Amino acid sequence: MLEMNVKCTCLLVVALLMIAKADALKCYRCNSYDKIDCLDESDSNNDTRNSTKLRPFLHECEPDPTGQNREPFCRKISVTIMKPKHHRVIRDCGYERSHLDCYVADNDGHLETVCQCWSDQCNGAERLTSGVALGLAVMVAILRLVV
């Protein structure tokens, strides 16, 4: 009887581990600085969830590395570096959430558009940043001209 309980307990533990693994969030994780395909913003369906260029960068997010047990989310950072002018994209898992889904940071020498989302593969799509980011970027550009 004891042997049966041990087997059942082991099966239960394995099943729970498999469920936990299946629930892990999957985000694209790359930096266009060293992986040019990370720049990919579009495909024939205008949905990068099926992008063959981004597919190799799809990975599960690990538990919070700080041990604070925060839920992971997907993040996409689009950076425009002013001198010399070029564009970079960083896609990754994040753990410290902003109160905004997207925001623009005007740092010395570069503009960053940072967006966060909470579903599998959501940090690949152009639509994640296009509307909000364009509006924020226009506001920052106007403020730079006025101030």
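The paragraphs below lead through the strand pairing, the disulfides and the salt bridges of this predicted model.

Strand β4, residues 73-81, pairs with β5 in the antiparallel sense over nine bridges, and the two strands are connected by a hairpin of four residues. Within this pairing isoleucine 77 stands opposite isoleucine 90 of β5.

A polar atom of the serine 32 side chain lies 2.8 Å from the backbone nitrogen of valine 89. Leaving aside residues up to four places away in sequence, serine 32 touches Cys38, Leu39, His87, Arg88 and Val89.

Cys38, one of these contacts of serine 32, leads on to the disulfides, of which a search of the whole structure finds five. When the bonded cysteines are numbered in sequence order, their pairing reads 1-5, 2-3, 4-6, 7-8, 9-10. Cysteine 30 is joined to cysteine 38 with an S to S distance of 2.1 Å, and this link is right-handed, with 75 degrees about the S-S bond. Both ends are buried, cysteine 30 at a relative accessible area of 8% and cysteine 38 at 0%.

A further disulfide is formed by cysteine 61 and cysteine 93, whose sulfur atoms are 2.0 Å apart; its torsion of -90 degrees about the S-S bond makes the link left-handed. Because cysteine 61 lies in the loop between β3 and β4 while cysteine 93 belongs to strand β5, the pair ties together parts that are 32 residues apart in sequence. Cysteine 61 and cysteine 93 are both buried.

Cysteine 117 and cysteine 122 also form a disulfide, with 1.9 Å between their sulfur atoms, and the torsion about their S-S bond is about 90 degrees, so the link is right-handed. Cysteine 117 is buried at 7% relative accessibility, as is cysteine 122 at 5%.

Turning to charged side chains, the count of salt bridges comes to four. Arginine 29 forms one of them with glutamate 62, the closest N and O atoms being 2.9 Å apart. This pair links distant parts of the chain, since arginine 29 lies in the loop between β1 and β2 and glutamate 62 in the loop between β3 and β4, 33 residues apart. Arginine 29 also meets aspartate 92 in a salt bridge, at 2.7 Å from N to O. Aspartate 92 lies in strand β5, so its pairing with arginine 29 in the loop between β1 and β2 ties together parts that are 63 residues apart in sequence. The relative accessible area is 25% for arginine 29, 42% for glutamate 62 and 29% for aspartate 92, and each of these residues is partly exposed.

Arginine 70 and glutamate 96 form another salt bridge, with their closest N and O atoms 3.8 Å apart. Because arginine 70 lies in the loop between β3 and β4 and glutamate 96 in the loop between β5 and β6, the pair ties together parts that are 26 residues apart in sequence. Arginine 70 is partly exposed at 24%, whereas glutamate 96 is exposed at 61%. Through shared partners, salt bridges join Arg29, Glu62 and Asp92 into one network.

How values were computed. Residues numbered from 1 in each chain as written. Predicted model: local features only at pLDDT ≥ 70, side-chain atom pairs only at ≥ 80, totals over all residues. Heavy atoms only, no water. Pairing = 2+ DSSP bridges. Polar contact = N/O pair within 3.5 Å; in protein donor to acceptor, adjacent residues only side chain to side chain. Contact = heavy atoms within 4.5 Å. Disulfide = S-S within 2.5 Å. Buried < 20%, exposed > 50% of the residue type's maximum accessible area, 1.4 Å probe, protein only.
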